Amino acid sequence: MFSQFVKRCKVVTLAAFCLPTIAVAQGDLWERPTLSFMGMPGLFDMPTAHQMTDADLSLTFAGFETTGRATLRFQITDRLAGSFRYLYVDDFLGNGDYFDRSFDISYLIMDEGRYRPAVQVGLQDFGGTGIYAAEYIVATKTFGALRATGGIGWGRFGSQNGFSNPLGVVSDNFDQRPEAISGIDTTGQLDTSNWFRGDAAFFGGLEYAVNDRLRLALEYSSDAYEAEEDRIDFQVKSPVNVGLSYAFRNGTNIKAGWLYGTTAGVQLSYVLNAKEPRHPPLVRAGAPQPVAVRGRRSAQDLGWTQDSGLPDRASAAFGQAIAADGLTLDQMVLRANSVEVRYRNGGAMPQAQALGRMSRVLTNLMPASVEEFVFIAASENGLPGSRIVIQRSDVEELEFAPDGAWQIFARSRINDAGDSGLGFDLARGSTQKLTWGVGPYVQSSYFDPDSPVRFEGGVQASGRYEPTPGLVFSGLARHRVFGNRDDLPESNSVIQRVRSDNALYAQEGETALVNLTAAKYFRPGKDLYGRVTAGYLESMYGGLSGEVLWKPVDSRLALGAEVNFVKQRAFAQDFDFQDYEVVTGHVSAYYKANNDFHYQLDVGRYLAGDWGGTLTVDREFDNGIRIGAFATITDVPFEDFGEGSFDKGIRIDIPISAITGQRSNTRIARTIRPVLRDGGARVNVEGRLYESVRDLHQPDLQDQWGRFWR
Amino acid sequence: MSKLRILGLLALIGTSLSACGSAGNQSGVLDGIRGTISRVIQGRSNVPQGDLRDQITPEAIAATQTPLLFIELPNRGAQAFLTPIGVNGSIVTWATADGTSISLDRGVATASRGLLADLMSANLAEVSQGVFGGQKQGVRIHRYLNAEDNLEIHSFVCDYARQSGVAINALSGRFVATHVTEDCVDSRQLRFVNNYWIDGRGRIRKSEQWLSPSTGAVTIEVLKE
């Protein structure tokens, strides 16, 4: 075995001496590492030490013989990255298709320098069922067009030519590794006691960049595929993998190789950078109205105030002008020297851009004596959030000023709209009274324990009626025409089945009343927002939900409390209820940090009567892309929770407009949970306050203020 | 492996197709993607309906009632006529019928909207000195929105050279111009050269101006004041 060790060292050091020992500037040749079949920077199954570019989101599909892998990886910071993997192995346990979900994490300890290599430490498949569980430390050094990698691995990476654990000098505990594949019920727990234990082995490889697209790779893998050899007859004839990869211009990369001397494998990956989702920024939107500058003396002219029909005509003209941009006018109050506009942003453009466009339109429509523009930004449910005051003279002066965006932000005043004593005059204002829609729908969910994709589709009908601002009646009904969501297995949960009866709801709810509610949104006072919702809140629960939120206009911190009195709905999703009822509630803290990170902590009682807390961490980019992860720990013991041990998941939210550049208010939003069980479950009530209020406030406004003059 | 194929195909499909209803703006993910595809296709096969320059004759110009500008983007093969839609001080904003606009400060481009990577604003104080005043060197500052919707500043150092008595054939006719070249470079070695042809009355009648890395240079000709 020692001779094997020496042979491995020779391969790596030979490479080091054959080529210039000083790394040549890499330039664009190595802009990003290629991704391995495991979806992390690497060759085939083994990792390399470089990280992707900060904020890279990558999706990798790889397959060979009877194995398929799909990995979603996010570069959380420059040094830290996390992945979620969905694995398919044909007949792994002897009973048909086997699907497995796992998480990885990796951290760059040392950057590559002139003389020193990049060094990374990582955990593969920690806290999953553990069939791919491995830990590693790896180093990579670049020599011009050649990269050499060498590392040491434990767990699965210690199975090929393994030797006794060098960490054994620290403690005898490290010599033995407990059984990797434990029972299904203990999956999901962080098996910290297993990490870096057991035999270790070396791995390594070489990568040669022929040009900036084509790379050749050679790898010595320390993964002996022992479990696959035992269970599905996968033969490892050689630990050497060889192949090549080719990068296309749009972020797609294809890799092919001959693996383990026994099979061919193919991998396709796509990388999207959340900071720069499109190359180059490709934005197409109609030009805004130019600012109409007033004549010198005209501001004194108040003759127009005698025209009693003017305010209504101005209001109608303004409402029409902004409707093209997806903005809705709730009310306009015209005074001699100021105009107050209460509006809602449909979401097709950032708030700052909406304010800029409305300011331009006002300069064209308003009589010259109107100097002050007061904007009341309201949420989609009619809650007035901020009061933004902009001087018309500033708009005229700064339209073309080089630093105009920042200057007009500095000169405008942003305050809370809650206490301005503005009444809503039903006679003068109007809200979007009744909207309805009928059409097809497709609903999909991914990566559940038994199937990569579950979807259903059919017809849906929805309606929304808002007689006065903030009082909303809405409903949604669906009829399923096709789908495989009723194939879900029955629940085996030992605690109250608050969510795991998915299959029964899907089977019996062919025609479903998804929700039917009456809700009231109101402002109890300055910095305070409130909501009360009653009715059939979601497909599984109905009842009463109340929420209050404290969030000052310029605050990064918000605090909220929510209480729900709910009863479980009948499986048929009609008007009936079952017997189970529960009071749930949470106290929440939301914090938008100075960098891109956003934190949310909810503590309280969940649907199964369990007490605990949820921590959510998101990285939010100014273009609207959000990527985050959450975990919930409650007093439900891990064994009772079942597979997965506790509720956790990742979520991705990408506005279509960030990718295509076309104006749109559609988003791709996915929450991926490895398992959906009954612990840590919350009611899905619509219209929660924080999300609808936050983008009316200064911190979010400020992020996108560069769009004001757009 | 068919399940994996489905996985691959449906990986990013959204949850709702387009629907009908009272609210005009309902649109699903597929609509957005469809719209992008059709626009991309149109862009690629953007065969102009003949060269617009052929339509510019002295009679046509004389018959026009409003001031008129002709613009060409050689990089994208696009041409358009523009009319003025707004004035703010010395800056006139010209726009096409389909919502693309360019703002000119005495003929020097200071902002664009509706193009790829719009020039959001520019600091042209020293540029005016160089183009009209005879100064030899000046600084030019451009602002663009990056993919995170934040404003990015690009500063250029520009050298000016003048040549008077140049006879030039413009679309609006032949005239004797002062030809000013503006040679700009930034700290990242991005370089462009602008050309201005100024007539006897001190107005820029024809120019070639660089707007942004994606748009490239724009040719602007004043057809009618």
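Helices, of at least four residues, and strands, of at least two, are DSSP runs numbered from the N terminus. The legends below describe close-up views of a predicted model.

**View 1. Chain B holds four helices and 13 strands.** Chain B has 225 residues, and 45% of them count as buried. Among the contacts in chain B with a separation of 6 or more, 39% are between residues 24 or more positions apart.

**View 2. Twelve strands of chain B form an open sheet with antiparallel pairing.** The strand order is 6-5-4-3-2-13-12-11-10-9-8-7. Strand 6 (108-113) and strand 7 (121-123) are the edge strands, and each of them pairs on one side only. On average, neighbouring strands of this sheet are turned by 30° against each other, direction ignored. Strand 2 (residues 68-73) and strand 13 (residues 216-224) of chain B are joined by five bridges in the antiparallel sense. In this pairing Leu69(B) stands opposite Val222(B) of strand 13.

View 3. Strand 9 (residues 151-170) and strand 10 (residues 173-186) of chain B run antiparallel and are joined by 13 bridges. Across the pair, Val166(B) faces Ala177(B) in strand 10. Strand 10 also pairs with strand 11 (residues 191-198) of chain B, in the antiparallel sense over eight bridges. Here Val180(B) has Tyr196(B) of strand 11 as its bridge partner.

**View 4. The largest nonpolar core has 40 residues, with Val341(A) and Phe375(A) touching the most other members.** Several elements of chain A give two or more residues to this core, including helix 3 (310-323), strand 13 (327-334), strand 14 (338-345) and strand 15 (372-378). Helix 4 of chain A gives the most, with six residues. Leaving aside neighbours within four places in sequence, Val341(A) contacts Phe318(A), Leu329(A), Gln331(A), Met332(A), Met358(A), Leu362(A), Val374(A), Phe375(A) and Ile376(A). A second, separate core has 31 residues, among them Ile71(B), Ile102(B), Leu124(B) and Ile198(B).

**View 5. Tyr590(A) and Tyr690(A) form a stacked aromatic pair.** Over all chains, the whole structure has 33 aromatic pairs. In the pair shown, the ring centres are 4.0 Å apart and the planes are at 10° to each other. Tyr590(A) belongs to strand 25 (residues 577-592) of chain A, and Tyr690(A) belongs to helix 10 (residues 689-694) of chain A. The two residues are 100 residues apart, so the pair links distant parts of the chain. Tyr590(A) has a relative accessible area of 7% and therefore counts as buried, the cut-off being under 20%. Tyr690(A), at 4%, is buried as well.

**View 6. Six residues of chain A form one aromatic cluster.** The members are Phe37(A), Phe44(A), Phe64(A), Tyr225(A), Phe234(A) and Tyr260(A).

**View 7. Arginine side chains lie over aromatic rings in chains A and B.** In chain A, Arg478(A) lies over the face of Tyr441(A), at 4.1 Å from the ring centre. In chain B, Arg205(B) lies over the face of Phe175(B), also at 4.1 Å from the ring centre.

**View 8. Ser58(A) is a buried residue of strand 1 in chain A.** Strand 1 covers residues 56-64. The relative accessible area of Ser58(A) is 2%. Not counting residues up to four places away in sequence, Ser58(A) touches Leu35(A), Thr71(A), Leu72(A), Arg73(A), Tyr270(A) and Val271(A).

**View 9. Ser444(A) lies in strand 18 (residues 434-448) of chain A.** Ser444(A) has a relative accessible area of 15% and is buried. Its C-alpha atom is separated by 9.7 Å from that of Asn484(A), 40 residues apart along the chain.

Notes:
Residues numbered from 1 in each chain as written. Chains lettered and ligands numbered in written order. Predicted model: local features only at pLDDT ≥ 70, side-chain atom pairs only at ≥ 80, totals over all residues. Heavy atoms only, no water. Core = buried A, V, L, I, M, F, W, Y, C linked by side-chain atoms within 4.5 Å. Buried < 20%, exposed > 50% of the residue type's maximum accessible area, 1.4 Å probe, protein only. Contact = heavy atoms within 4.5 Å. Phe/Tyr/Trp six-rings, centres within 6.5 Å; stacked < 30°, edge-to-face > 60°. Lys NZ or Arg CZ within 6 Å of the ring centre and 35° of its normal. Pairing = 2+ DSSP bridges. Axes fitted to C-alpha atoms, helices over the stretch in contact; angles between N-to-C directions.
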